[in-house]
Amino acid sequence: MHDFLAALLGGAMIGAAAIIVMASNGRVMGVSGIVSSLLPPFGKDWLTQNGWRLSFLGGVIAAPLTYLAAFGVPPVVEMNAGLTLLIASGLFVGVGTVIGSGCTSGHGVCGLARLSGRSLAATLIFMTTAIATVLIMRILGLGGLS
Amino acid sequence: MNHLVLFIAGLLFSFGLIVSGMINPAKVIAFLDVFGNWDPSLAFVMAGAVIVNVFGFRLVTKRANPLFAEGFSIPTRSDIDRNLVVGASLFGIGWGLIGLCPGPAIAALSAAPGDAFIFVVAMLAGMIVARMMSQGRPAPLAGETSR
């Protein structure tokens, strides 16, 4: 399948998943929000509040395992990063998504579909800083660019 | 039943990441490498997801209530405040460093356990720190709003 078509199909699946989450639990399918809500400081009724989040994340982790079982190889995940870069990028993503109230799925997929101005602004901003970061890494000769 | 439905939604989301190539950080970096060897294909992921969701969201929220909850919890804020700008900027930097954002990072836990695990632990640590910092502020906690 052509890359563009595969991307469009995969995107449609992601959109469909977001519709299911909204239809069943009335929530926005934002992965950073789903994950960070499980973390301290804990609210009341942790398990009652977070059951749907745990089930969703279970599905996210199960898909690559299902793929592995079906095709005998895991899906392609290539990254060329040392320990320092892994930790630094994880920290930036963790802090940024909580302060900025969302990530690629929450702001990018769901927010844009809701025609939210906040999400449009957030998406333009994180796309810009991400593109700038890749450019700077390229200039400095760091990272896994070919 | 609710848990089964949400598990299936998670599966579908994650298979979407796999089919589109979004789960692969190298492909994400190539998409973000606009001034280098740009691979525009991942733009179609967002296009596909948003197009489907625009119609789905309108249809679904016409109902009085979701299937398994008391009501819809849809973010209502419309102000573009400092937190949104700073947070989105930091997130973009982190995303551009390796090519992992939260969804693909969680999915990659089972596909590339070693590196993804280190990234996810750091991400969780970052989230906890940011949640602690935002506690006690008048603005709503990031965890429950604006997603």
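**From one helix residue to the chain contact**

A:Met22 is found in helix α1 of chain A, which covers residues 3-25. The model is predicted. A:Met22 has 27 C-beta neighbours inside 10 Å, so this residue counts as buried, the cut-off being 20 or more. Set aside the neighbours within four places in sequence. A:Met22 is then in contact with A:Arg27, and also with B:Phe57, B:Val60 and B:Pro66 of chain B. A:Met22 and A:Val60 are 38 residues apart in sequence, and their C-alpha atoms are 17 Å apart in space.

Those contacts lead across to chain B. The contact between the chains takes 105 residues from chain A and 110 residues from chain B. On the chain B side, six helices each supply at least two residues: α1, α2 (25-32), α3 (43-60), α4 (82-98), α5 (102-111) and α6 (113-134). Helix α1(B) gives the most, with 18 residues. By class, the side of chain B that touches chain A has 73 nonpolar residues, 31 polar ones and 6 charged ones.

Of its 19 residues, 14 are buried, so α1(B) is largely enclosed by the rest of the structure. Just after the helix comes B:Gly21, with a positive phi of about 90°.

Now return to chain A and its loops. The loop between α2 (31-36) and α3 (46-71) of chain A holds A:Pro41. A cis peptide bond joins A:Pro40 and A:Pro41, with omega at about -5°.

Further along, A:Ser101 sits in the loop between α4 (83-99) and α5 (104-113) of chain A. Its phi is near 60°, a positive value in a residue other than glycine. Is A:Ser101 buried or exposed? A:Ser101 counts as buried, because 33 C-beta neighbours lie inside 10 Å.

A:Leu115 is exposed, because 11 other C-beta atoms lie within 10 Å and the cut-off is 12 or fewer.

Notes. Residues numbered from 1 in each chain as written. Chains lettered and ligands numbered in written order. Predicted model: local features only at pLDDT ≥ 70, side-chain atom pairs only at ≥ 80, totals over all residues. Helix = DSSP H or I, 4+ residues; strand = E, 2+ residues; numbered from the N terminus. Contact = placed C-beta atoms within 7 Å. Nonpolar A, V, L, I, M, F, W, Y, C, P; charged D, E, K, R; others polar.
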